[in-house]
Amino acid sequence: MLICIPQVLTKEQVREIRELIDAANWVDGRVTAGIQSAERKHNTQLPEESAAARTAQQMVSVAVGNNPLFLSAALPQKVFPPLFNRYVVGDSFGSHVDNAIRSVKNSPERIRTDLSCTLFLTEPEDYDGGDLVIETLFGAQEVKLEAGDLVLYPASSLHSVTEITRGARISSFFWLQSMVRDDGERTLLFDLDQSIQRLAAERGHKDDEVVRLTGIYHNLIRRWAEA
Ligand code: NI
């Protein structure tokens with residue numbers, strides 16, 4: 001499932017984060033790349049332990065953790081601390097798959113990357129190129145969203161970022177381990193949850209069928225989720 005989630009951050013929050021991170025020092029993006037993807041990666045990243053990164057990380061984590069659509073779609077169990085990258089003219093990231101397991105720096109924690117997330121922090125009119133291209137069963141999807149919007153996609157997908165030809169593209173990116181490992185099962189749960197919410201808005205939460213369907217949703221979670 002590939003899903004775009006609008007307005008995870010307000011424009012004001014985007015401005016605050018940009019102010020913070022634009023003033024910081026950036027390093028070669030290959031610090032977090034595997035051996036194979038390092039050859040294809042041309043961008044810069046914010047060092048994870050910098051004060052700016054930590055504050056910005058916190059803001060992004062809180063925002064995604066409070067977003068009902070994100071929670072419904074991702075069913076997150078462990079979320080990697082968000083990272084920040086910047087592509088300027090000439091930068092790109094060739095087609096690759098993200099590493100399956102990631103260690104959290106200075107922590108024993110390891111995360112299986114079920115889903116990848118990119119949170120856009122630049123308005124699309126401020127740069128050319130820099131499309132996130134994700135291979136799906138239905139062909140390649142090009143994603144370029146408004147600042148504050150997020151795309152969630154299976155980390156098992158081949159993906160790339162096309163070369164920037166004007167301006168710069170700054171984003172936050174991170175991975176997460178979902179309580180439901182299988183993308184097909186997770187997609188069914190998301191569709192069911194969204195339908196229940198629409199039905200509940202029409203009929204009210206106490207409606208018999210809404211209660212019954214909510215029960216089915218939770219019983220499927222019981223079957224498929226690792227807590
Ligand atoms: Ni990647």
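**Metal site and salt bridges**

Reply: H96 is buried, at a relative accessible area of 8%, where buried means under 20%, exposed over 50% and partly exposed in between, using a 1.4 Å probe and protein chains only. This is a predicted model, in which local features need pLDDT of at least 70 and side-chain atom pairs count only at pLDDT 80 or more, while totals for chains, interfaces and linings use all residues. Residues are numbered from 1 along each chain as its sequence is written, and side-chain values use heavy atoms, with hydrogens and water left out.

Me: Which residues coordinate the nickel ion?

Reply: The nickel ion is held at 2.1 Å by H96 (NE2), D98 (OD) and H159 (NE2), donors being N, O and S atoms within 2.8 Å of the metal (3.2 Å for Na, K and Ca), and since water is not among the atoms, sites may look incomplete. D98 is also buried, at 13% relative accessibility.

Me: What spacing do the donors follow along the chain?

Reply: They follow H-x1-D-x60-H.

Me: Switching topic, how many salt bridges are there in the whole structure?

Reply: There are 14, each defined as a side-chain nitrogen of Lys or Arg within 4 Å of a carboxyl oxygen of Asp or Glu. One of them joins E226 and R112, with the closest N and O atoms 3.8 Å apart. This pair links distant parts of the chain, 114 residues apart.

Me: Is R112 buried or exposed?

Reply: R112 is buried at 15% relative accessibility, whereas E226 is partly exposed at 31%.

Terms used:
Helix = DSSP H or I, 4+ residues; strand = E, 2+ residues; numbered from the N terminus.
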